[in-house]
Amino acid sequence: MTDEVLGIDVGGSSVKAGLVDLKAGRLTGELISAPTPRPSTPVAVTGVLAGLAARLPAGAGRVGVAFPSVIKDGTAYSAANIDAAWLGTNGAALASRALARPVLFLNDADAAGLAEMRFGSGRGCTGTVVMLTFGTGIGTALFTGGKLFPNSELGHLELHGMDAEKWASAQVRSAQGLDFPAWSARVNDYLLAMHKLLWPDVFILGGAVSERFAEFAPLLRSPAELRPAYFAGQAGVVGAALAAAEA
Ligand code: BGC
């Protein structure tokens, strides 16, 4: 395993990148970002990936890219919050050509969960852990015995007749101007629905909103233990680099 690897996280509003020290489990320098292009087509997003990579030291080995879609062998199979042209596109191959380096693609929530399990709030947890990322959508990553069950996509669980992420994501909170009591009530519905299906020991709550965990944690109710993500909005970048180094 190499020591410093470039991680990139493609989100609904911004693309973030940083060089990750794999031994320490943290960024070695600054986290840089660029707006997610609109439309977020494969060509446009790949251009942003190349632009960000050019601004940072190369790092070693593969580049890891956390992407908001089901990813199997580098190919995207869903496109809830990204341009539909991604469906069936091999993002890893496209980005490898644009960056002239090998690239690993994986689901963004899976990447965030890997970072939390290895170096963050899930460290040492051997039971069932559900990582939730609240952003443009809701991302989920499932772990038991420390092993990832990839591409779980439970942000699309039906809640109140719609996709759960259309009810309780961080974007819905800002778009509908929900205060923390109103949003937390929605998150509680979601946590309960997830609990009935999965019976986790721990939920890790991530995404940039988790930086404000102290403000809404007293409003949350769950039979499982709730922990804020240690890496908050940086988890995808760190986890993408980890996954790339271990692929
Ligand atoms: C996507 C997932 C992604 C999540 C968070 C959902 O809309 O379907 O693949 O992990 O958003 O970005």
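Predicted model: local features only at pLDDT ≥ 70, side-chain atom pairs only at ≥ 80, totals over all residues.
1. Domains. The domain assignment divides the protein into domain 1 (4–110 + 235–246) and domain 2 (124–229). Taken over C-alpha atoms, the centres of domain 1 and domain 2 are 23 Å apart. Where the domains meet, 12 residues of domain 1 are in contact with 15 residues of domain 2.

2. Position of the ligand. The ligand lies between domain 1 (4–110 + 235–246) and domain 2 (124–229), because both give residues to the shell around the ligand. The space that the ligand takes is the largest pocket.

3. Shell. Around the ligand are Pro-68, Ser-69, Ala-80, Asn-81, Asn-107, Asp-108, Ile-138, Gly-139, Glu-153, His-156 and Glu-165. By class, the residues of this shell are 3 nonpolar, 5 polar and 3 charged.

4. Glu-153 has a polar side-chain atom 2.5 Å from an oxygen atom of the ligand. For Asn-81, a polar side-chain atom is 2.9 Å from a ligand oxygen atom. For Asn-107, the distance from a polar side-chain atom to an oxygen atom of the ligand is 3.0 Å.

5. Cover. On its own, the ligand has 310 Å² of accessible area, and the protein covers 93% of this area.

6. Reading the site as a whole. Which domains give residues to the shell around the ligand? Domain 1 and domain 2 both do. Among the shell residues are Asn-81, Asn-107 and Glu-153, the residues named in point 4.

Terms used. Residues numbered from 1 in each chain as written. Heavy atoms only, no water. Near = heavy atom within 4 Å. Polar contact = N/O pair within 3.5 Å; in protein donor to acceptor, adjacent residues only side chain to side chain. Areas by Shrake-Rupley, 256 points an atom, 1.4 Å probe, with all protein chains shown as cover. 1 Å grid on protein atoms, 1.4 Å probe; cavity = no way out; pocket = protein on both sides within 12 Å on 5 of 7 lines; lining within 4 Å. Sits in = over half its atoms within 2 Å of the grid points. Nonpolar A, V, L, I, M, F, W, Y, C, P; charged D, E, K, R; others polar. Domains from an automatic or database assignment. Contact = heavy atoms within 4.5 Å.
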